[in-house]
Amino acid sequence: MKHEIFPAYRALFEQAFVPIFVKDAFDTATMLEGCRLAGVRVIEYTLRREDADRVIPTLKKAEPNRFVFVGSTLDSERVVRKMKEKFPQIMTIPEILGHGVDGIISMLPMQPQNIAKYAERAVVIPSAETLGESLAQVDAGAHFIKRLGTELDRVKLSRAAPTFDFCPLFVTGGVTVERMPEVFGIGGMVVGAGFDMLLKDIRPETLTPEMVAGRLTAFISAAKAARAKAWPQLAGLETLSDAEWLSRLPFYHTFG
């Protein structure tokens, strides 16, 4: 497999659940150490977090074997430059990729020309509001389409029979352990949740890395179990060669 980004793509899929660093009161270093203790290979660090411009440049240097995805990205350099006045932590996609990260995720659709531009350098995950938009973005090179767990009707529609299951779905927002069977059952492939939800019953001043690791282990285990039940053909992928692994995926992908 010659694609430079394939290891990050495969790790994202195999982990099944992605912890998301959002804007909250929890200590960044404590959460990162919890990720390390839990053996988490893939994280999403969003630009909503006010320390993003300081932390993101250090993440790959600190742990080069961890795959880092940057969320809340905007693919308009003009808009980002202007909005830096109010949100100094945000960065353009070229700035983000300059820090060696492995993927970019957006709550908004991305322009097809930008998807095509970046898709060989990073795993690209835009959002979509319609099936047509999903198709256009996947056709341009997007590796997953982000959908909200609060909009499961859209998730289900994305896997409707007339679409021939082309759309690989990354579902975030409101994805609790209890809701995972439903989310995977109607077509989700990978899910994510913010630490604000993962740790919602813990006071920030009492948080320890061990607490973080415990929650992460529970969420990742639950996601893998729920997906294996919904998609039996995806169980045990970790042992397969890259070619065999890709042949099991039920959706469209850009890898040869």
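Reader: Is R49 buried or exposed, and how do I read that?

Author: Buried means under 20% relative accessible area, exposed means over 50%, and partly exposed lies in between (1.4 Å probe, protein chains only). R49 has a relative accessible area of 4%, so R49 is buried. Keep in mind that this is a predicted model, where local features need pLDDT of at least 70 and side-chain atom pairs count only at pLDDT 80 or more, while totals for chains, interfaces and linings use all residues. Residues are numbered from 1 along each chain as its sequence is written, and side-chain values use heavy atoms, with hydrogens and water left out.

Reader: Which residue forms a salt bridge with R49?

Author: A salt bridge is a side-chain nitrogen of Lys or Arg within 4 Å of a carboxyl oxygen of Asp or Glu. For R49 the partner is D24, with the closest N and O atoms 2.8 Å apart. R49 lies in the loop between β2 and α3 and D24 in the loop between β1 and α2, so the pair ties together parts that are 25 residues apart in sequence. D24 counts as partly exposed, at 22% relative accessibility.

Reader: How many salt bridges does the count come to?

Author: The count comes to 14. One of them joins the side chains of R10 and D242 (2.6 Å, N to O). Because R10 lies in helix α1 (residues 6-15) and D242 in helix α12 (residues 242-248), this pair ties together parts that are 232 residues apart in sequence.

Reader: You mention helices and strands. What are they, and how many residues of strand β2 are buried?

Author: Both are DSSP runs numbered from the N terminus: helices are H or I with at least four residues, strands are E with at least two. In β2 (residues 42-46), 5 of the 5 residues are buried, so the strand is largely enclosed by the rest of the structure.

Reader: Which way do the side chains of β2 point?

Author: In a regular strand the side chains alternate between the two faces of the sheet. Here V42, E44 and T46 point one way, while I43 and Y45 point the other way.

Reader: In what sense does β2 pair with strand β3?

Author: Two strands pair if DSSP finds at least two bridges between them. β2 and β3 (residues 67-71) pair in the parallel sense, over 5 bridges. Strand β1 (residues 17-21) also pairs with β2 in the parallel sense, over 2 bridges. Look at E44: I20 stands opposite this residue, and in β3 its bridge partner is F69.
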